[in-house]
Amino acid sequence: LDAVRRLAGFLWFFAVVGGGFTVGILVDDGINTSEDTSMFVGSLAAAILALILWRLRTESLQQVAFGASLWMSMVGLILVADWPDEAYGLTLWSLGTVWLFLTWGTLIHPTTTGYALGGVASLIGVQLLAVDGQGWPLLLGVLMAGVLIVASVTLRQIVLLAIGSAGVFIFVPQVVFHFFGDSLGAPVALLLSGAALIGGAVALARLMGEIREDIAEAAEGQQEVNS
């Protein structure tokens, strides 16, 4: 039964991909629009289909399909509207942040997948904003990584700790090299990365301790019920 459910999830996932490509091709050939417009319409159709399937089957692959197709439809809209390049990073960061808040508000399930998608999308969006060499997106990336690490302990989500720790190691060296230059950058980057590693280890130990306490309490409660 589990194998059948997993197979169905994969088939529904590829149905979203195939449906989006089909609509895009039909719009491109039938209406003779630009490639950007065809991409936007096809991605939007895929997002609508993915949302319907996700509501019918609240599993990880369906959530990934909706998130990916929604982001692609945003990319298509940016191309059609001819917005500046900063819009790519800003929309992805906004989408990831909203995804995190909706998951925290128990509106997105499965929650582990929701936190993973939201965290990864927000950090990638910040990195895209930093492509032009600006410093403030790098600082935002460090802030986002720190928030994810703190939230991982509060929410008891190891996936947030992993993503936040990765964000620290990605953005801290960039911040140091950007603001302090190459001469001072390497030693300071190593020092801060080491401090972040220690902080992540402490957070992980605390998180695992709280999880073990919850398991022990649940076991004791079950024993009382059985007795």
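## First stop: helix H3

Select H3 and colour its buried residues, which are Gln 62, Gln 63, Ala 65, Phe 66, Gly 67, Ser 69, Trp 71, Ser 73, Val 75, Gly 76 and Ile 78. Here buried means under 20% relative accessible area, exposed means over 50%, and partly exposed lies in between, with a 1.4 Å probe and protein chains only. This is a predicted model, in which local features need pLDDT of at least 70 and side-chain atom pairs count only at pLDDT 80 or more, while totals for chains, interfaces and linings use all residues. Residues are numbered from 1 along each chain as its sequence is written, and side-chain values use heavy atoms, with hydrogens and water left out.

What covers the buried residues of H3? The cover includes H1, H2, H4 and helix H5 (111–129), where a contact means heavy atoms within 4.5 Å. H3 itself has 22 residues and reaches 32 Å from its first C-alpha to its last, close to the 32 Å expected at 1.5 Å a residue; the expected span is 1.5 Å times one less than the number of residues.

## Second stop: the whole chain

Now zoom out to the whole protein, which has seven helices and zero strands. Helices (H or I, at least four residues) and strands (E, at least two) are DSSP runs, numbered from the N terminus. Of the 227 residues of the protein, 36% count as buried.

Next, select Val 16, Ala 50, Trp 54, Ala 65, Phe 66, Trp 71 and Trp 99, the residues with the most contacts inside the largest nonpolar core, which has 16 residues. Such a core is a set of buried Ala, Val, Leu, Ile, Met, Phe, Trp, Tyr and Cys residues joined through side-chain atoms within 4.5 Å. H1, H2, H3 and helix H4 (86–104) each supply at least two residues of this core, and the largest share, five residues, comes from H2. A second, separate core of 13 residues includes Leu 100, Leu 123, Leu 160 and Ile 163.

If you then centre on Trp 99, you will find that the residues it touches, leaving aside those up to four places away in sequence, include Trp 54, Phe 66, Leu 70, Ile 108 and Leu 117.

Select Glu 59 and Arg 5, whose side chains meet in a salt bridge (2.4 Å, N to O); the term stands for a side-chain nitrogen of Lys or Arg within 4 Å of a carboxyl oxygen of Asp or Glu. The pair is 54 residues apart, with Glu 59 in the loop between helix H2 (35–56) and helix H3 (60–81) and Arg 5 in helix H1 (residues 2–30). Salt bridges that share partners join Arg 5, Arg 57 and Glu 59 into one network.

## Last stop: Phe 21

Finally, return to helix H1 and select Phe 21, which counts as exposed at 57% relative accessibility.
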